[in-house]
Amino acid sequence: MNMSTLLKGATILALSSTTAMAGGLDRSGQPTSIIFEDGQYLQFSAATVRPNVSGTFTANATGAAVGTSGNGQSDYGFFGMGYRGETKDGSIGYAIIYDEPYGSDVSYGAGTGAGAALNGLGGEVSTQALTFLGQYNFGNGFSAHGGIRAQQGDATAALPTALVSARTGGTVNTPYSVSGSASTAYGGVLGAAYERPEIALRVAATYSTAIDHDVNFVETVGGATTVRAGSLEFPESLNLEFQSGINQSTLVFGSVRWANYSDFRIAPPTFTGAAGGPLVSFTDDAMAYSLGVARRINENFAVSVSLGYEAGTDTASPSYFSPADGRSSIALAGIFNAGSAEITAGVRYTDLGDENVALGNTITGNFTDNEAISIGVQIGFQL
């Protein structure tokens, strides 16, 4: 098992433990690392995530407990695959990547006391993307890569009467729901890298443009349904990634990802007009960091461990869709080399940051001690 193979397996730890829009809606991190493989390479990955996010409600005047929310997050999974090839002289590489870059699964139904006000709150965002990349190697360790990303998706949300009333200042006192399918839209990808294969060194930067979708929002308020046109823009982002061998058996790796969520809005026209603001928005951009080490045990097996961190905003969440503030994680993986195939299995534990969310002016939901468990598998084939 060479140093390159060692990192292929280690990257499975990019599998997401995002839940309820923590870190925006990021799930896959929009990976492009397959473009740096040698020759022809085929890769499949899958992950499942089991979040547990619940809160206790207290009366603001007395601090007395007055209810619980129950777990408001649904288990989810996602899938990715990619193919990489190159020209005969190896100077030009190309790749096709499928991933599910953004998503959210929210469903409340077990609240008690004041927490019963959340029962019926739900939301789902799902996306699929195909990325077409080309890469040119300049022959001195430097390369450039870029291409186009095609993306589509859909979203649904439902708010019970109590939350609609709270968001509209009491002017609307009925349940609300919305659905919308985003048109296929396109964005650009541009990046550069420097590599020194003899020490397994690579530093790469990849920028992805925002993708703006046209959406027909189907909104139902108190039994009356309207269909109005709108838009949904998924954020621009920048991924910085590095790896380096520190001896013949050990590799360090890490990444920084920025995504421009401060400009992200889900703003169905009818709801936004009644509430004086969007259904979902974020006050800050997302910054996520990871750092890890992989160690070869023998020619066929290696292990890796990585830490992840995303800073909280230390502000009350404007929405029960996202009752977590920041996160930290630890991930472990085993990497098995079977000739032309590399098989990796990984598990990640994520501690989700505490968050307080107001329910009207008299009750606060205190979401603490929340977590997520992620399990992922990746299989790669040298063709």
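Visitor: Hi! How many bridges join β4 to β5?

Guide: Six bridges join β4 to strand β5, which covers residues 92-99, and the two run antiparallel. Do keep in mind that this is a predicted model.

Visitor: Got it. Which residue in β5 stands opposite Gly 85?

Guide: That is Tyr 94.

Visitor: And what do β4 and β5 form?

Guide: They form a hairpin, with five residues between the two strands. In the turn you'll find Gly 90, which has a positive phi of about 75°.

Visitor: Which strand does β1 join, and by how many bridges?

Guide: β1, residues 41-52, is joined to β4, residues 76-86, by nine bridges, and this pair runs antiparallel. To see it up close, look at Ser 45, whose bridge partner in β4 is Gly 80.

Visitor: What is the order of the strands in the open sheet?

Guide: The five strands go β7-β3-β2-β23-β22, with antiparallel pairing.

Visitor: Which strands stand at the edges there?

Guide: Those are β7 (112-113) and β22 (355-359). Each has a single partner strand, so one side of each has no neighbour in the sheet.

Visitor: How many bridges join β3 to β7?

Guide: Two bridges link β7 to β3, which spans residues 65-68, and they run antiparallel. Gly 67 has Gly 113 of β7 as its bridge partner.

Visitor: Let's switch to charges. How many salt bridges does the structure hold?

Guide: Seven. One of them joins Arg 257 and Asp 26, where the closest N and O atoms are 2.6 Å apart.

Visitor: Where do Arg 257 and Asp 26 lie?

Guide: Arg 257 is in strand β15 (residues 250-259), and Asp 26 is in the loop between α1 (3-10) and β1, so the pair ties together parts that are 231 residues apart in sequence.

Visitor: Are those two buried or exposed?

Guide: Both Arg 257 and Asp 26 are buried.

Visitor: What does Arg 202 form a salt bridge with?

Guide: Its partner is Glu 195, with the closest N and O atoms 3.8 Å apart. Arg 202 counts as buried because its relative accessibility is 15%, whereas Glu 195, at 21%, counts as partly exposed.

Visitor: One more: which side chain meets Glu 310 in a salt bridge?

Guide: That of Arg 327, at 3.1 Å from N to O. Glu 310 lies in strand β19 (residues 301-310) and Arg 327 in strand β20 (residues 327-338), so the pair ties together parts that are 17 residues apart in sequence. Glu 310 counts as buried at 7% relative accessibility, and Arg 327 counts as buried at 18%.

Notes
Residues are numbered from 1 along each chain as its sequence is written. This is a predicted model: local features need pLDDT of at least 70, side-chain atom pairs count only at pLDDT 80 or more; totals for chains, interfaces and linings use all residues. Side-chain values use heavy atoms; hydrogens and water are left out. Two strands pair if DSSP finds at least two bridges between them. Helices (H or I, at least four residues) and strands (E, at least two) are DSSP runs, numbered from the N terminus. A salt bridge is a side-chain nitrogen of Lys or Arg within 4 Å of a carboxyl oxygen of Asp or Glu. Buried means under 20% relative accessible area, exposed over 50%, partly exposed in between (1.4 Å probe, protein chains only).
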